[in-house]
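Let's take a friendly walk through this structure, one neighbourhood after another. Have the sequence and the 3D view open as you read.

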2 protein chains.
Amino acid sequence: MQNNRKIKLFELLNNQRGRKKFKEENKLIVLFKPENIFYLTNFWGEGIVIISEQEVETHTKLVVPRLEYTRAINTSKECEVVSSDRGIALSNTLIGLIKDGSIVFSDSDYFEIINKIQRKIGRKNVIIDNNLLYALREIKDTVEINNIKNASKIIDKLFEIATKEIKENTTTEEQIQSILVFEAMKLGARFPSYQFTSNPLIVASGSNGSFPHAETSDKKIKSGELIVIDITLSFNHYISDATRTFGIGKITDEMKEIYETVKTSQENGIVCINNTQDFTDVDACCRNIIINGKLGDQFIHSTGHGIGLEVHEPPWIRPNFKSEIRENMTITIEPGIYIENKFGVRIEDSILITKKRNRDNGFDYINLHSFEKELLII
Amino acid sequence: MQNNRKIKLFELLNNQRGRKKFKEENKLIVLFKPENIFYLTNFWGEGIVIISEQEVETHTKLVVPRLEYTRAINTSKECEVVSSDRGIALSNTLIGLIKDGSIVFSDSDYFEIINKIQRKIGRKNVIIDNNLLYALREIKDTVEINNIKNASKIIDKLFEIATKEIKENTTTEEQIQSILVFEAMKLGARFPSYQFTSNPLIVASGSNGSFPHAETSDKKIKSGELIVIDITLSFNHYISDATRTFGIGKITDEMKEIYETVKTSQENGIVCINNTQDFTDVDACCRNIIINGKLGDQFIHSTGHGIGLEVHEPPWIRPNFKSEIRENMTITIEPGIYIENKFGVRIEDSILITKKRNRDNGFDYINLHSFEKELLII
């Protein structure tokens with residue numbers, strides 16, 4: 001499987017506009033990101049992968065620090081593991097493996113390492129391309145889809161558990177978070193790292209819900225509030241991401257109205273997949289409902305993103321951002337409205353794009369979440 | 001507090017060898033890493049910080065994406081928050097805030113952003129320095145120390161819980177992990193992101209223990225095995241890190257002997273702090289015990305690292321790596337021996353360096369962990 005991915009990767013590279021001039025050259029792909037290393041070697045850990053187009057099936061090298069050597073040997077597939085000291089020694093080992101006369105495509109744009117490679121093979125022969133693997137990774141295979149489906153099912157169970165565990169004026173956001181993390185881990189889920197938040201989940205009640213990236217706090221969940229629960233988790237390294245907003249006790253008509261606007265927006269965005277070949281239309285279908293409700297300025301983020309080995313990866317679903325819809329992409333659709341210092345509403349599903357439809361010019365899809373979207377009052 | 005840190009930062013910068021030539025210039029420090037942004041603004045999230053030496057107390061700018069604006073306003077201290085669109089727009093906002101004739105010190109070495117800054121103010125006026133903030137961050141203040149102490153206490157409680165929850169031939173590694181994560185979160189702990197592992201903890205029994213970075217699995221913990229439990233967690237963003245190895249049921253004499261070697265090594269390393277001013281001696285004190293036991297080749301990693309806002313940060317405790325010991329540093333000491341495909345032993349404490357001693361030429365310290373190190377058989 002790993003070798004097939006490598007072959008496809010070079011095919012994609014050779015067919016890219018502007019890349020054809022390199023067709024006959026000795027191309028190397030050098031990867032640093034743990035997600036990319038896992039995708040092409042099955043090893044998740046610290047290391048560098050070097051793939052040569054000339055020897056794609058026989059000579060992929062996975063360079064790892066000594067303390068990871070045996071684990072890399074045991075878990076990696078279709079590659080040769082090379083042990084090295086860490087830090088500068090690791091990058092020197094890499095440089096030693098790059099032949100003169102090569103062209104290097106790298107997913108890292110760190111100055112130091114790129115400069116070193118440039119000094120060896122010449123400045124113009126090093127091509128930094130952070131999107132190199134995404135063209136491949138954004139189309140999921142059956143194994144990947146099944147992992148994402150499992151992650152989605154776990155999230156649905158957690159929404160169920162949350163509705164039972166929240167006791168108004170008693171439970172805190174953190175308590176709900178701890179319970180959900182515990183239950184998820186028992187079901188085999190993990191919480192992928194995201195450097196910009198320190199909490200594994202978003203559990204945001206009352207005015208905390210007005211922050212799209214709220215930090216879960218020790219605040220009690222109170223009657224009369226809305227609560228946003230945004231769950232991102234992985235199963236066998238593959239991520240699903242979904243959000244529900246619940247009402248606690250007696251909530252205001254304004255809250256109900258805004259909830260309905262977000263729900264209509266989100267459903268409109270999902271259905272839109274049937275009728276378009278570009279994600280920018282999906283964004284517009286969500287956004288226009290909210291703009292028509294005179295709340296466009298309160299929808300302060302994009303409509304969605306791809307999910308897979310990373311929480312946020314291509315394709316992107318943004319305003320005025322052309323992005324082709326294709327079979328077996330997995331994405332989120334997650335409009336939200338945020339009323340500053342009062343409350344927020346967000347509804348999000350992970351969606352699998354399935355077949356291209358003969359009619360309507362769009363795509364079929366499967367919503368990976370079955371947890372209901374009618375406003376639930378706890 | 002944030003302004004004091006900024007003033008100290010420029011003092012340090014101006015006193016660095018080779019930096020004095022910039023003394024009279026308009027210096028800007030531009031920071032991208034979330035840990036550094038938090039350290040100087042109290043905001044944890046996505047953003048860029050720009051600090052001008054000329055206006056250090058009045059004009060620190062924190063540029064954040066629109067969806068983070070209000071949260072940044074509410075949590076940041078001693079800075080001005082600027083809202084911007086994301087992606088390229090964010091880096092363009094940054095470029096607009098950099099005045100011609102400035103010298104920029106950056107903690108990011110991303111090619112794209114560095115090239116943009118270079119195009120604006122000239123190649124030689126951009127200085128990439130990943131270590132810029134570490135010189136400041138490696139010396140902890142009282143608030144930071146108290147957070148690390150609290151994190152350490154939670155870890156000690158988790159070791160206690162682990163010894164009670166492990167039932168030989170019944171409990172799996174993952175079950176123990178779930179329980180420990182749940183209990184830790186209830187005590188206010190969080191699990192900082194570390195991109196090279198997918199599990200929050202290391203719970204590694206039997207042959208899994210022979211991998212320093214083992215992934216916690218669904219393997220049952222069996223009689224006759226050793227189990228390595230390595231816990232890294234944070235309290236108010238500050239991290240502690242400790243490891244204990246336990247025996248399960250009847251273990252071999254070889255296991256007991258190796259355990260004693262690691263224990264002697266670790267204790268020897270800690271005591272060594274009293275007698276030296278350089279961490280490389282601490283490494284040698286640990287390593288020599290293991291080398292004398294003819295197991296030097298099985299100690300396949302460094303002796304320790306600084307802890308703080310990151311799990312691994314300066315100072316480094318490595319063989320032949322000069323690194324000055326100073327008051328109020330917080331570090332780990334964690335020798336280990338790994339017998340391939342059989343078992344592993346690691347013992348780790350987080351340690352606070354306190355005062356310089358008048359005698360013996362070394363430092364006093366506090367071991368932040370009180371959980372015992374005698375071999376416990378569960």
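Helices (H or I, at least four residues) and strands (E, at least two) are DSSP runs, numbered from the N terminus. The buried residues of this helix, which spans residues 111–121 of chain B, are Ile113(B), Ile114(B) and Ile117(B). Seen down the axis of α5(B), these buried residues fall within an arc of 95°, so they line one face of the helix; the arc is that of the directions from the helix axis to the C-beta atoms. What do they pack against? Their partners are α5 of chain A, along with α4 (88–97), β5 (102–106) and β6 (126–128) of chain B. Just after α5(B), Gly122(B) takes a positive phi of about 100°.

A word on the model and its labels. This is a predicted model, in which local features need pLDDT of at least 70 and side-chain atom pairs count only at pLDDT 80 or more, while totals for chains, interfaces and linings use all residues. Residues are numbered from 1 along each chain as its sequence is written, and chains are lettered from A and ligands numbered from 1 in the order in which they are written.

Now for the meeting of the two chains. In all, 35 residues of chain A are in contact with 35 residues of chain B, contact meaning that the C-beta atoms of two residues, placed from the backbone, lie within 7 Å. On the side of chain A that touches chain B, α3 (69–75), α5 (111–121) and α8 (173–186) of chain A each supply at least two residues. The largest share, six residues, comes from α8(A). By class, that side of chain A has 15 nonpolar, 11 polar and nine charged residues; Ala, Val, Leu, Ile, Met, Phe, Trp, Tyr, Cys and Pro count as nonpolar, Asp, Glu, Lys and Arg as charged, and the others, Gly among them, as polar.

How are the two copies related? Chain A is superposed on chain B by a rotation of 180° with 0.0 Å of shift along its axis, at an RMSD of 0.0 Å. That is the relation of a two-fold axis. Copies are superposed by least squares on the C-alpha atoms of residues with pLDDT of at least 70 in both. Because 100% of the interface residues of chain A are also interface residues in chain B, the copies meet through the same surface.

Within chain A, look next at the two domains: domain 1 covers 2–137 and domain 2 covers 142–367, with bounds that come from an automatic or database domain assignment. Taken over C-alpha atoms, their centres are separated by 34 Å. Six residues of domain 1 of chain A are in contact with six residues of domain 2 of chain A. On the domain 1 side, α2 (34–41) and α6 (134–137) of chain A each supply at least two residues, and the largest share, three residues, comes from α2(A). The residues on this side divide into four nonpolar, no polar and two charged.

Let's move on to helix α9 (residues 253–272) of chain A. At 1.5 Å a residue, its 20 residues should span 28 Å, and its end C-alpha atoms are 28 Å apart, which agrees; the expected span is 1.5 Å times one less than the number of residues. Ile258(A), Tyr259(A), Thr261(A), Val262(A), Ser265(A), Gln266(A) and Gly269(A) are buried in this helix. They cover an arc of only 160° around the axis, which puts them on the same side of α9(A). These buried residues pack against β9 (238–247), α10 (279–292), β12 (330–333), β13 (336–339) and β14 (343–346) of chain A.

Thr303(A) lies in the loop between α10 and β10 of chain A. Is this residue buried or exposed? With 28 C-beta neighbours inside 10 Å, Thr303(A) counts as buried. Among the residues that Thr303(A) touches, leaving out those up to four places away in sequence, are Gly269(A), Val282(A) and Ile333(A). Thr303(A) and Val282(A) are 21 residues apart in sequence and 8.0 Å apart in space, C-alpha to C-alpha.

Finally, some backbone details. Most residues other than glycine have a negative phi, and most peptide bonds are trans. Lys294(A), though not a glycine, has a positive phi near 65°, and is exposed, with 9 other C-beta atoms within 10 Å. A cis peptide bond joins Pro314(A) and Pro315(A), with omega about 0°, and Pro315(A) is found in strand β11 (residues 313–317) of chain A. In chain B, the peptide bond from Pro314(B) to Pro315(B) is cis, with omega near 5°.

Notes
A residue is buried if 20 or more other C-beta atoms lie within 10 Å of its own, exposed if 12 or fewer, and partly exposed in between; C-beta atoms are placed from the backbone.
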